[in-house]
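Here's a quick briefing to read with the model open beside you. Take the topics in any order you like.

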Amino acid sequence: MEDTFKMVAKTMAGLEGVLAEELTSIGAQNVEPLYRAVSFEGDKAMMYRANYCCRTALRILKPITSFVARNELALYNNIFKIKWHEIFNINETFAIDAVTSGNYFTHSQYAALKVKDAVADEFREHFGARPSVDVENPDLRINVHIENEKVTVSFDSSGESLHKRGYRKSVDKAPMNEVLAAGLIKLTGWKYDCNFVDCMCGSGTIPIEAAMQALGIPAGFFRKKWGFMTWHDFDKELWQNVVLEAGAEMEEFDYEIVASDRSAKAVEIAKANIENAHLHHDIKLTKQDMFEMVPPPGAGLMIINPPYGERLEERDIVKLYKGIGDALKKNFKGYEAWIISSNKDALKLIGLKPSKKIDVYNGPLECKFEKFEVFEGSYKDKKIKEYEGSDGPRPS
Ligand SMILES: C[S@@+](CC[C@H](N)C(=O)[O-])C[C@H]1O[C@@H](n2cnc3c(N)ncnc32)[C@H](O)[C@@H]1O
């Protein structure tokens, strides 16, 4: 189709697969996972939909050109050739985001500066004046991706990163990025068919993202602004249709979503964020130590992001992780518990055998996201039970 174009959705390492699934589910074509990104094709409505619906995308880029450059002059000259004065007005603002890798361009800030000069000079050549830069809130955000000598120039249709959903007004220590929280929930494969618990909820990000997923509230529901809204080809009616269509998919959820934390300050912040997301009737929030916490009975999914030791002062990391394991065994029977931590040694102190381990990053920290199934009896008992109904080898 003529009006179909290529786009790149950026994400975090480890979330490429779930983002590819999200894009496919909203109708994107030729979806291809890359490293920390997914490429896909679609029309303008798809670009709006990806921005509004994808929970695990950080930004949606629309590539406009690519070329080869091995030095700053070649970069400048190729950027200068683009007719920027036909793309935006002199009284509008712009910003450059540059990401570089490889040997030719080693300083992304310097590459961004060269690109900015070339855009400004192209305007100057036509009008004798140049548009201003606004790094916070530009009318056009231009993304320059340089991998070795290959330069790709894109318009950033998201503007501010999509993890800024619009519901989080304040945060406690070590808040989780909303995109990571949404991605972890998706990685568990939750089908919204059981209770959900985060008993170390901090600012409440994981339970809020869980409730939004379970209730089918679009990722961008609380957000006011996207980059494409100041583009000259912004189609307001098409955008409003995309919003209406996505909102029509809101769901009923018949289980409980429980958030708790032992810190009064964290609970206060989580309360404000939950209220901002209008989820105070959907998330049960309490101040409680996980070691005394009794979750809703029946099957459930628990995700926690305990202190890792690197980021928070925790006097006794050993006591904490052993305590988590003991609490799981005592009170969480029937639950699937997922724990994210960068402290791999501490995870071993849980004292349960993980049935899955996934590599993810929390900011710069390389983490494991591990699944623990808490059954009545031991892991061996469960394996024997499974064996009794199968033809496989008897567990030793
Ligand atoms: C890394 S923060 C969680 C951040 C959270 N995911 C967010 O997005 O804001 C860890 C949280 O665990 C809480 N915590 C530590 N030990 C706890 C315990 N024994 N019971 C309950 N909460 C605990 C801390 O108060 C802190 O809020």
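This is a predicted model: local features need pLDDT of at least 70, side-chain atom pairs count only at pLDDT 80 or more; totals for chains, interfaces and linings use all residues.

**Around leucine 23**

Residue numbers start from 1 along each chain as its sequence is written.

**Cores**

- Leu23 also turns up in the largest nonpolar core, which has 85 residues; Ala9, Leu19, Leu23, Ala50, Leu184 and Ala337 touch the most other members.
- A nonpolar core here is a set of buried Ala, Val, Leu, Ile, Met, Phe, Trp, Tyr and Cys residues joined through C-beta atoms within 7 Å.
- Buried means 20 or more other C-beta atoms within 10 Å of the residue's own, exposed means 12 or fewer, and partly exposed is in between, with C-beta atoms placed from the backbone.
- Helix 6 (residues 178–188) is the top contributor to the largest core, giving seven residues.
- At least three residues of this core come from each of domain 1 (5–156) and domain 2 (178–218 + 245–381).
- There's a second, separate core of 21 residues, with Ala111, Val115, Val144 and Ile146 among them.
- In soluble globular proteins, nonpolar side chains tend to be buried together.

**Overall build**

- The chain has 12 helices and 14 strands, taken as DSSP runs (helices H or I, at least four residues; strands E, at least two) and numbered from the N terminus.
- Its radius of gyration is 24 Å, close to the 21 Å that the globule rule gives for 396 residues, so the chain is as compact as a globular protein of that length.
- That radius is taken over C-alpha atoms, and the globule rule is 2.2 Å times the number of residues to the power 0.38.
- Along the principal axes, the C-alpha atoms fill a box of roughly 75 × 50 × 45 Å.
- Of the 396 residues, 41% count as buried.
- Among contacts with a separation of 6 or more, 77% join residues 24 or more positions apart.

**Two domains**

- The chain splits into domain 1 (5–156) and domain 2 (178–218 + 245–381), with bounds from an automatic or database domain assignment.
- Their C-alpha centres lie 35 Å apart, and the contact takes 12 residues from domain 1 and 13 residues from domain 2.
- On the side of domain 1 that touches domain 2, helix 2 (residues 44–53) gives the most, with three residues.
- That side of domain 1 has seven nonpolar, three polar and two charged residues.
- For these classes, Ala, Val, Leu, Ile, Met, Phe, Trp, Tyr, Cys and Pro count as nonpolar, Asp, Glu, Lys and Arg as charged, and the others, Gly among them, as polar.

**Ligand shell**

- Of the 21 residues around the ligand, Met176, Met200, Gly202, Ser203 and Thr205 come nearest; a residue qualifies if its C-beta atom, placed from the backbone, lies within 6 Å.
- The shell has 12 nonpolar, five polar and four charged residues.

**Positive phi**

- Most residues other than glycine have a negative phi.
- Alanine 174, in the loop between strand 7 (150–156) and helix 6, has a positive phi near 45°.
- Histidine 278, in the loop between helix 9 (264–276) and strand 10 (283–287), has a positive phi near 55°.

Note on methods
Two residues are in contact if their C-beta atoms, placed from the backbone, lie within 7 Å.
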